[in-house]
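Open the model in your viewer and keep the sequence panel alongside.

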Amino acid sequence: MRTRTLTLSAAAGAALLAAAVLPAHASGAATPKSAREGSVSAADLLAKVTSCSQISNGKYKTDDETSATVPVCGKNGAVFWKADMDVDCDGQVTGKCNGDTDPWFQDDTAFHQSDGRPLRADSLPYVVVPSASGIWKYSSSGIKGGGVVAVIYNKKVEYAVVGDTGPTKIIGEASYASAKALGIDPDPATGGADSGVTYILFKNSQVSPIESHGAAVSLGESLAKQFLRNN
């Protein structure tokens, strides 16, 4: 949950070291080991989102310094967008995610674990949605905290949950663990991907408990198959 600028990212990155290895377990769930989760391929999902029926009342920027070019698009049972990936390290303080490693660090997330604690960005794949605004209100599209997201990058699929909210005019952000699993540099200051990331959010879905990545994968694969059948 932060506002980034490309200039600040470059300046901060010069003074920060890249993160190393994810812990094997966190928040009671295993860290994702595969960037291709389940049996639904990236190609099959991408084939269903080649055109956009825009549902947002305008478009989003991917960073403060870019133009607004990214619409939120509607499909049967889902919404999607194609953007970059900034790395969100907000939530529980860990060795990978803290005020020293992340110049935008906040020790909370919009949605919390079943025990009331913030999510853990370095072990839980989650996606950031823009806070409600005149451009788009995510809850009006059936998107909620803990909802399932298929994140696609470089022919890989990673299932994540809606875990945090971000700026009202910027889109394209996911947790350290999401980036790591997809082979994207997870450093919150210097990492991320400039483009090529597709986010498919399944309407009216919710993982319980939100911190269970295994539950997200199981539900995500089921919803992805349904998405392919219905579009």
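**The whole chain**

Start with the surface. The protein chain of this predicted model exposes about 9,300 Å², and carbon and sulfur atoms supply 49% of that area. Now colour by burial: of the 231 residues, 55% count as buried.

Switch to cartoon. Trace them from the N terminus and the order reads α-β-β-α-β-β-β-β-β-β-α-β-α.

**Stop one: a loop residue**

Select Thr94. The loop that holds Thr94 runs between β4 (78–88) and β5 (126–130). Is Thr94 buried or exposed? Thr94 is buried, because its relative accessible area is 12%, and the cut-off for buried is under 20%. Show its partners next. Beyond the neighbours within four places in sequence, Thr94 is in contact with Arg120 and Asp122.

**Stop two: the largest cavity**

How many cavities of 30 Å³ or more does the whole structure hold? The search finds two. Go to the largest cavity, with about 40 Å³ of space.

Select its lining in two steps. Take Val128, Val129 and Pro130, which are among the lining residues.

Finish by colouring the lining by residue class. Six residues are nonpolar, two are polar and one is charged.

Terms used: Residues numbered from 1 in each chain as written. Predicted model: local features only at pLDDT ≥ 70, side-chain atom pairs only at ≥ 80, totals over all residues. Heavy atoms only, no water. Helix = DSSP H or I, 4+ residues; strand = E, 2+ residues; numbered from the N terminus. Buried < 20%, exposed > 50% of the residue type's maximum accessible area, 1.4 Å probe, protein only. Areas by Shrake-Rupley, 256 points an atom, 1.4 Å probe, with all protein chains shown as cover. Contact = heavy atoms within 4.5 Å. 1 Å grid on protein atoms, 1.4 Å probe; cavity = no way out; pocket = protein on both sides within 12 Å on 5 of 7 lines; lining within 4 Å. Points joined across faces, edges and corners; volume = space filled by probe spheres on them. Nonpolar A, V, L, I, M, F, W, Y, C, P; charged D, E, K, R; others polar.
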